[in-house]
Amino acid sequence: MEQKTTFRRKMESRHIVMLSLGGVIGTGLFLSTGYTLEQAGRIGTILSYLLGALVVYLVMLCLGELAVHMPETGAFHSYATKYIGPGTGCTVAWLYWLTWTVALGSEFTAAGLLMQRWFPDVPVWLFSGLFVIIILVINVLTVRVFAEVEFWFSAVKVMTIIAFIVLGAAAIVGFIPLASGEAAPLFGPLTEGELFPNGAFAILMTMLAVNFAYSGTELIGVAAGETVDPKRTIPLAIRTTIVRLVVFFVGTIIVLAILLPTDAKGVLESPFVAVFERIGIPFAADIMNFVILTAILSAANSGLYAASRMLWSLSDQRMISPFFAQLSQNGVPTRAVMSSMLGGLFALLSSVYAAESVYIALVSISGLAVVVVWMSISASQYLFRRRYLREGHDVQDLVYRTPFYPVVPIVSFLICLLSLIGIAFDPTQRVALYFGIPFIGLCYLVHYLTKKSQKRSVEDVKTEKSS
């Protein structure tokens, strides 16, 4: 007999805020900012992250109205299904599931490699396997255990960012002398050289990388169905998350833009290490190795959570087998969790044995997916409000309302669309379109064929009964 267990509303406001921050403050900020600085220049990078913060804010305003009115687990997939169409809902869910599943594979590999700094004689796969087990156990216990672990994972990253901004600002104005003994740079480096070394269009070209760095804020919507008092918790989480994101990200980028040596912007190692060493922080590399390890495990933790809830939502809406919709006695979709982890392990294996084919396709699709998901949130809110008013409801009855409707959803949708157009002009990112667009088309095709098959089966049953 199928279990009737339901999700447990155990996440409080502090958990939701840290879950969202934890999903955002990750390797995209700690490791990828060097690339953006190299491509867009100092001022261009600051503008890119300000524009990215604006996009995130607009999308979260849209998600807030939907999530408060309809707090569902797997949220935006359900909204896209209901207000755009089942094919779009199915595609959004698979894109988002793939995003986090692919991330799992790369994160466990990266975590094992980071441990090599301290334990060079221990094989990478041993640490990767250990972290797989730890993250899996955290996710299959209870949502409360998951939320508490993620809270403390995220707290380490947040404290590091705050320390980085405070120490960096002190070094910029001269309160802390630089290790080299040179004078305080103040804001002079921002105006050195060309304003936009690769042209102003580079800002648009780097937007996909910036959007990737901001990805994770939408986890507020995924967790809505497991949140205590969503009408109060979700608006609070959205407001505090956005404010902190702007302060943390833009503040961090300004410090990096001023203190990062010109010849270090494109390096593969964390630009944070280069800045900490310039300030003269002892053991800077070890400190950042620990913080980045925490960031990776946090991303894996929240990623497995997000992927499993999206798989559960697909199953719950009968878009795939109902097998994945079953919940444990603790209200956890254990089958969806285990299956998502298997998907992550497949991505891990493909990164080792098919890095030039399968894995590059997976990474490309997942990079594109976040922007497509944000576009679906904006479109869903626009169509939801239209239907809500058309059905005779009063907008004042909405507990949380997206302001300046319809401007907010339209502008957020168009800026996301522009960032997709921008990557077509960047040879290093263009591959995302080559793999992403066919995958989206495949999702629609599979959904259409599945629905057609189900309809035919129902008609056959009716024919048999009538005869």
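This is a predicted model: local features need pLDDT of at least 70, side-chain atom pairs count only at pLDDT 80 or more; totals for chains, interfaces and linings use all residues.

Me: Which ones are buried in H12?
Reply: Pro271, Phe272, Val273, Ala274, Val275 and Phe276 are buried there. Arg278 and Ile279 are buried as well.

Me: Okay, what about positive phi in residues that are not glycine? What is phi at Arg318?
Reply: Arg318 is not a glycine, yet its phi is positive, about 60°.

Me: Where does Arg318 lie?
Reply: Arg318 sits in the loop between H13 and helix H14 (334-353). Its relative accessibility is 42%, so Arg318 counts as partly exposed. The cut-offs behind that are under 20% for buried and over 50% for exposed.

Me: And Phe404, buried or exposed?
Reply: Phe404 is exposed, because its relative accessible area is 68% and the cut-off for exposed is over 50%. Phe404 also has a positive phi, about 55°, although it is not a glycine. Its place is in the loop between H15 and H16.

Me: What kind of peptide bond joins Tyr405 and Pro406?
Reply: A cis peptide bond, with omega about 5°. Pro406 is found in the loop between helix H15 (358-390) and H16.

Me: Moving on to H16. Where is Ser419, and is it buried or exposed?
Reply: Ser419 is in helix H16 (residues 407-423). Ser419 counts as buried, because its relative accessibility is 1%.

Me: What does Ser419 touch, leaving aside neighbours within four places in sequence?
Reply: Ser419 is in contact with Leu204, Met207, Asn211 and Val371.

Me: New topic, H13. How do H5 and H13 pack?
Reply: Helix H5 (residues 86-115) packs against H13 at an angle of about 150°, and their axes are 8 Å apart. That angle makes H5 roughly antiparallel to H13, since the cut-off for that label is over 145 degrees.

Me: What residues make up the contact of H5 with H13?
Reply: There are 24 nonpolar residues, four polar and one charged. H5 passes H13 in a left-handed crossing.

Me: Why give both an angle and a distance for packed helices?
Reply: Because two packed helices are described by the angle between their axes and the distance between the axes.

Me: Which residues touch the most other members of the largest nonpolar core?
Reply: Phe76, Tyr79, Tyr214, Leu259 and Trp374 do, in a core of 133 residues. H13 gives the largest share of this core, 16 residues.

Me: How far apart are the C-alpha atoms of Ser313 and His77?
Reply: They are separated by 7.7 Å. Along the chain, Ser313 and His77 are 236 residues apart.

Conventions. Residues are numbered from 1 along each chain as its sequence is written. Side-chain values use heavy atoms; hydrogens and water are left out. A nonpolar core is a set of buried Ala, Val, Leu, Ile, Met, Phe, Trp, Tyr and Cys residues joined through side-chain atoms within 4.5 Å. Buried means under 20% relative accessible area, exposed over 50%, partly exposed in between (1.4 Å probe, protein chains only). Helices (H or I, at least four residues) and strands (E, at least two) are DSSP runs, numbered from the N terminus. Contact means heavy atoms within 4.5 Å. Axes are lines fitted to C-alpha atoms, for helices over the stretch in contact, and angles run from 0 to 180 degrees between N-to-C directions. Angles under 35 degrees count as roughly parallel, over 145 as roughly antiparallel, 65 to 115 as roughly perpendicular and the rest as oblique. A crossing is left-handed if the near helix is turned anticlockwise from the far one by less than a right angle, and right-handed if clockwise. Ala, Val, Leu, Ile, Met, Phe, Trp, Tyr, Cys and Pro count as nonpolar, Asp, Glu, Lys and Arg as charged, and the others, Gly among them, as polar.
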